[in-house]
Amino acid sequence: DCDVCLVGSEMCIRDRPETLRRAPVALALARGRHVLVEKPLSIDLADAREIVRLAQDTDRVTATCFVWRYAPGCQVAWREVQAGRIGRLRDVQMEVRFGLRPRQLLERWPWVADASTGLLGRAGSHEFDRARYLTGGEFERLVGRVIPSSLSGEPEYVVPCGAYALLADLADDVLAWFRFTLTTGQPEWSQLLHGEEGTLQVTHTSVHRRRAGEEKAVLLEVPAADQIPEGVSLMQHVWNRLIADFITAVRRGDVAHASVPHLPTLLDGLRAQEVIAAARRSEEERRWVDL
């Protein structure tokens, strides 16, 4: 009976959630609800396009859950790029080694490709969205390898594996590199933005900037509005920020997100889905794929 529908939350749909999103979105919009959709929008590119088309025919507020845009480091980096403090962007590097404990994969994460979009959807979609968000440019073509995630071992000790490595051309001649490994070993997340006048080294909570001619990188200040409140986890913080923006847009009837520029749109979700589809095609056909 509420005015908002959350589609795809793991709290609501744990079994193959990506395959179950188009119908709930269509029903919610038909009933005049505002809709917040988990990423990726669907397991299928055609479904994702239909979700966006349905939203375009309504006056309801819609959004996609790319929550990591709201990490303090990402917000600071976005403002640095917008202000031109490292000059024209030349390349972006994003590398993730995602650590999972044995059996955690079976208990919590639908990474396996035959049940979902796998690594590309569960993790890659965030990285692809952040690349677009930070650079302001669209993917033009890509090439790469995708090793589907899988499980091995006995039920008492299940070992996950899987990886992808993608090289992409973004608009304005920005070169982007994405690498992800699912591992039970040492986790790591790193993000580098290189411009003609400097470099940003970004984590979820900090940004170091080193400009041409400087001997050392400088730790940039995180504004109070972006800092994580005491007693709140990073994960809860990014969700709080996204949901606050979504509620603001709903209250103002801001369908275009003009008052909440960081709030991801359904079109942002579709763009990530297009990258996923292109990466799969590149793996199958062993070639560059245009978007």
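## Around helix H2

Helix H1 (22-30), strand S3 (62-64) and helix H7 (266-285) are among the elements that cover the buried residues of H2. Here buried means under 20% relative accessible area, with over 50% exposed and partly exposed in between, for a 1.4 Å probe and protein chains only; contact means heavy atoms within 4.5 Å. Helices (H or I, at least four residues) and strands (E, at least two) are DSSP runs numbered from the N terminus. This is a predicted model, in which local features need pLDDT of at least 70 and side-chain atom pairs count only at pLDDT 80 or more, while totals for chains, interfaces and linings use all residues. Residues are numbered from 1 along each chain as its sequence is written, and side-chain values use heavy atoms, leaving out hydrogens and water.

Which residues of H2 are buried? They are Asp47, Ala48, Glu50, Ile51, Val52 and Ala55. The helix itself covers residues 45-56, and its 12 residues reach 17 Å from first C-alpha to last, close to the 16 Å expected at 1.5 Å a residue (1.5 Å times one less than the number of residues). At the start of H2, aspartate 44 brings a side-chain oxygen to within 2.9 Å of the backbone nitrogen of alanine 46.

## Aromatic pairs

The whole structure holds 7 aromatic pairs. Rings of Phe, Tyr and Trp (its six-membered ring) pair if their centres lie within 6.5 Å; planes under 30 degrees apart are stacked, over 60 edge-to-face, and the rest tilted. Tryptophan 78 and tyrosine 133 are stacked, 5.8 Å centre to centre with 10° between the planes. Because tryptophan 78 belongs to helix H3 (residues 72-82) and tyrosine 133 to helix H5 (residues 118-135), the pair ties together parts 55 residues apart in sequence. Both tryptophan 78 and tyrosine 133 are buried.

Phenylalanine 139 and phenylalanine 178 are stacked because their ring centres are 5.8 Å apart and their planes are at 25°. Phenylalanine 139 is in strand S5 (residues 139-152) and phenylalanine 178 in strand S7 (residues 174-183), so this pair ties together parts 39 residues apart in sequence. Relative accessible area is 7% for phenylalanine 139, which is buried, and phenylalanine 178 is buried at 1%. Ring pairs also link Phe98, Phe128, Phe139, Tyr164, Phe178 and Phe180 into a cluster.

Strand S4 (residues 89-99) and strand S8 (residues 188-195) run antiparallel, joined by 8 bridges; two strands pair if DSSP finds at least two bridges between them. Arginine 97 stands opposite glutamate 188 of S8.

S8 also pairs with strand S9 (residues 198-202), in the antiparallel sense and over 5 bridges. Leucine 193 has leucine 200 in S9 as its bridge partner. A hairpin is formed by S8 and S9, with 2 residues between them.

## Arginine 122 and the whole chain

Where is arginine 122? It is found in helix H5 and is buried, with a relative accessible area of 8%.

Overall, the chain has 7 helices and 12 strands, and buried residues make up 47% of its 291 residues. Of the contacts with a separation of 6 or more, 71% come from residues 24 or more positions apart.

Notes:
A polar contact is a pair of N or O atoms within 3.5 Å; within protein, one must be able to donate a hydrogen and the other to accept it, and residues adjacent in sequence count only if both atoms are side-chain atoms.
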